[in-house]
Amino acid sequence: MNGTLKTMKSEDGALLPKAVIGTNAWGDALYGKMVRGSYVTEGVMHEAVKTSVRVGIPFFDTARDYGLGKGQPIVGRLCGEDTVISAKYTPMGKYKQGQVRASFEKDLLDFGRSYIDIYWLHLPNATKENLTEMTDLYREGKIKNIGISNFNLKECKQAKAILDQEGIPLYGVQNHYSLLDRKWEKDGLTAWCKENGISFWAWAVLEEGMLVPPKKNEKKSIMKLMFARKRRKLYPLYKTMQEIGRKHHLKIPQVAMCYVSSKGFVPICGCRKPYQVEELAAAVNESLSDEEIRLLEDAADATGVKILGADMFRFAVKKKF
Ligand SMILES: NC(=O)c1ccc[n+]([C@@H]2O[C@H](COP(=O)([O-])OP(=O)(O)OC[C@H]3O[C@@H](n4cnc5c(N)ncnc54)[C@H](OP(=O)(O)O)[C@@H]3O)[C@@H](O)[C@H]2O)c1
């Protein structure tokens, strides 16, 4: 870890990103065109990585399935020692002893590293067994911080109790959260994180493009076709975001990013291009007032748009904890 990164830590050494770059859409040409409507070359993504270092948000979130399996090796090729990698283990089938370690070793090969800064258990399946494997890797110095993702409050408390018994801190919870879906705040999960000094990382703060107003001649993609009807209902919200953004010199998508950081959470935003990284950094360097936050939340609620977000992966969660 270099000098710049050392400054992004708390007194007790925990990593404190202001924002994180999501790599869900880092893939090949076919994947990019189908899912995002456009393809970005590795050269452009490399410029985005260099920009992230320059603007002080060199944090990259990834997982084995991102970009249909192409994302993680791209992160490995482009992200140097001056960046922080956040990766995940996704427990899907029946638990098999050693599954986390086997997957983790492949991740290390993808990244060309001997450790991973933050490693998340992606779903609350076989939590005790999977977390126990992660604590072994933590003790070996191969995982620097342990997090959990897509856990509800009860599951978070159970996971924390498992780690407490091992004397290992729970670094963070990575769940869906945006201006349009504040379920985890209403359920008390984010307050519990704050009370316990646990970082809350919010994924899909732009709702995968829904909080980006449509442009003329926009290229079609699976995402854009899926969200077209909902986006039409969001126009009054875009207007409120534009008015508030004007006061802070922020564009509409940046207001969505700044909203999340102003609430004290870490926004993870899918960026593939240098300008997006610059805009993310500029957004989280601003702060919205309580009144602006209230206006945005009222406008979001008034649209009546419901998002599957927080519950998107519950189908993959087995009943037994
Ligand atoms: N833990 C989990 O289970 C989980 C699940 C899902 C996602 N995540 C994480 O969260 C990250 C973010 O989610 P996401 O990438 O799906 O969605 P997102 O960040 O909500 O939205 C990405 C979209 O926003 C656009 N965008 C980015 N910056 C912009 C800017 N400055 N101005 C205008 N548009 C901008 C992108 O445009 P382009 O298409 O032009 O690039 C893309 O279409 C993922 O990459 C992943 O790391 C975690």
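User: So which residues does Ala 202 touch, not counting those up to four places away in sequence?
Analyst: This is a predicted model, to start with. In it, Ala 202 touches Tyr 177, Ser 178, Val 260, Phe 265, Val 266, Pro 267 and Ile 268.

User: And which residues touch the most other members in the largest nonpolar core?
Analyst: Ala 202, Met 257 and Leu 280 do, in a core of 84 residues. Helix 12, residues 252-262, gives the most to this core, with six residues.

User: Why would residues three or four places apart point the same way?
Analyst: Because an α-helix has 3.6 residues a turn.

User: Why is Lys 273 called partly exposed?
Analyst: Lys 273 has 15 other C-beta atoms within 10 Å, and a residue needs 20 or more to be buried, or 12 or fewer to be exposed, so Lys 273 falls in between.

User: Switching to the ligand. Which residues come nearest?
Analyst: Gly 22, Asn 24, Trp 203, Leu 206 and Gly 270, out of 27 residues around the ligand.

User: And which element gives the largest share of the shell around the ligand?
Analyst: Strand 8, with three residues. Strand 8 (266-270) and helix 13 (274-284) each supply at least two residues of that shell.

User: How do the residues of the shell divide into nonpolar, polar and charged?
Analyst: Ten are nonpolar, eleven polar and six charged.

User: Now the backbone. What is phi of Ala 204 near?
Analyst: Phi of Ala 204 is near 65°, a positive value in a residue other than glycine. Ala 204 lies in the loop between strand 7 (199-203) and helix 10 (222-233).

User: Buried or exposed, that Ala 204?
Analyst: Buried, with 23 other C-beta atoms within 10 Å.

User: OK, and what about phi of Ala 126?
Analyst: Phi of Ala 126 is near 40°, which is positive too, and again in a residue other than glycine. Ala 126 is in the loop between strand 4 (116-121) and helix 6 (127-139). Ala 126 counts as buried, with 21 C-beta neighbours inside 10 Å.

User: Zooming out, how many helices and strands does the protein chain have?
Analyst: 14 helices and eight strands. The C-alpha atoms fill a box of roughly 50 × 40 × 40 Å along the principal axes.

User: What radius of gyration does the protein chain have?
Analyst: 19 Å, which agrees with the value near 20 Å that a compact globule of 321 residues would have. Buried residues make up 44% of the 321 residues.

User: Last one. Of contacts between residues at least 6 apart in sequence, what percentage join residues at least 24 apart?
Analyst: 79% of those contacts in the protein chain do.

Conventions:
Residues are numbered from 1 along each chain as its sequence is written. This is a predicted model: local features need pLDDT of at least 70, side-chain atom pairs count only at pLDDT 80 or more; totals for chains, interfaces and linings use all residues. Helices (H or I, at least four residues) and strands (E, at least two) are DSSP runs, numbered from the N terminus. The radius of gyration is taken over C-alpha atoms; the globule rule is 2.2 Å times the number of residues to the power 0.38. Two residues are in contact if their C-beta atoms, placed from the backbone, lie within 7 Å. A residue is near a molecule or strand if its C-beta atom, placed from the backbone, lies within 6 Å of it. Ala, Val, Leu, Ile, Met, Phe, Trp, Tyr, Cys and Pro count as nonpolar, Asp, Glu, Lys and Arg as charged, and the others, Gly among them, as polar. A nonpolar core is a set of buried Ala, Val, Leu, Ile, Met, Phe, Trp, Tyr and Cys residues joined through C-beta atoms within 7 Å.
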